[in-house]
Amino acid sequence: MDKEGVLKRIKDALAGVNQILVCSHVDPDADTIGSMIATSLMLKDLGLEVDMFCQDAVPHTYDFLPHIKEIKRSIPENIAYDLIITVDAGDEKRVFQGREIFKLNGFA
Ligand SMILES: [Mn+2]
């Protein structure tokens, strides 16, 4: 399947989804930040509303990356996300320590 075919399948799978939160893991490294930005850009290209979240400060080493300043350190609680995507993280504790992320915004 070519790139356009893959993007169409993703868009079809996300029918009814509009607001998406993409999360990296705590103590962020290059692979989690790069994955989060790339995933967000792909989803935005599909016309979706996307926020990026990383609990910890992103090291200035990565300041050269596009959209790096758009990463949020807290989750906007006034937005009802339809979908939360985590990248480069094996479980939710690797994403958000101290609060239960998946109970925010109606997720259980
Ligand atoms: Mn990593």
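1. A quick word on names: helices (H or I, at least four residues) and strands (E, at least two) are DSSP runs, numbered from the N terminus. Bear in mind that this is a predicted model, where local features need pLDDT of at least 70, side-chain atom pairs count only at pLDDT 80 or more, and totals for chains, interfaces and linings use all residues. Residue numbers count from 1 along each chain as its sequence is written.

2. Two other residues have a positive phi without being glycines. H67 has one of about 65°, and D88 has one of about 60°. You'll find H67 in the loop between strand 2 and strand 3, while D88 belongs to the segment after strand 4. Are they buried or exposed?

3. Now step back to the whole chain. It has two helices and four strands, and along the sequence they follow the pattern α-β-α-β-β-β. Of the 108 residues in the chain, 25% are buried. Take the contacts between residues at least 6 apart in sequence: 69% of them join residues at least 24 apart. (Two residues are in contact if their C-beta atoms, placed from the backbone, lie within 7 Å.)

4. Next, the sheet. Strands of a sheet pair through backbone hydrogen bonds, either parallel or antiparallel. Here the four strands form an open sheet in the order 3-2-1-4, with parallel pairing. Strand 3 (71-72) and strand 4 (83-86) are the edge strands, each pairing on one side only. For a pair to count, DSSP must find at least two bridges between the strands.

5. Follow strand 1 (residues 19-23) on its strand 4 side. The two pair in the parallel sense over four bridges. I20 has L83 of strand 4 as its bridge partner, and C23 has T86 of strand 4. Four of the five residues of strand 1 are buried, so the strand is largely enclosed by the rest of the structure.

6. On to strand 2. Five bridges join strand 1 to strand 2, and these run parallel. Look for Q19 with its bridge partner E49 in strand 2, and for V22 standing opposite M52 in strand 2. Strand 2 is also joined to strand 3, by two bridges and again in parallel; there, F53 stands opposite K72 in strand 3.

7. How many residues does helix 2 have, and how far does it reach from its first C-alpha to its last? It has 16 residues and reaches 22 Å, close to the 22 Å expected at 1.5 Å a residue. That expected span is 1.5 Å times one less than the number of residues.

8. Which residues of helix 2 are buried? They are T32, I33, M36, I37, S40 and L43. Seen down the helix axis, these buried residues fall within an arc of 135°, so they line one face of helix 2. (The arc is that of the directions from the helix axis to the C-beta atoms.) The buried residues pack against strand 1 and strand 2. On the face of helix 2 turned away from its buried side sit the exposed residues A30, D31 and D45.

9. One last thing to trace on screen: strand 1, helix 2 and strand 2 make a right-handed β-α-β unit. Right-handed here says that, with the strands pointing away from the viewer, the path from the first strand over the helix to the second runs clockwise.

How values were computed: A residue is buried if 20 or more other C-beta atoms lie within 10 Å of its own, exposed if 12 or fewer, and partly exposed in between; C-beta atoms are placed from the backbone.
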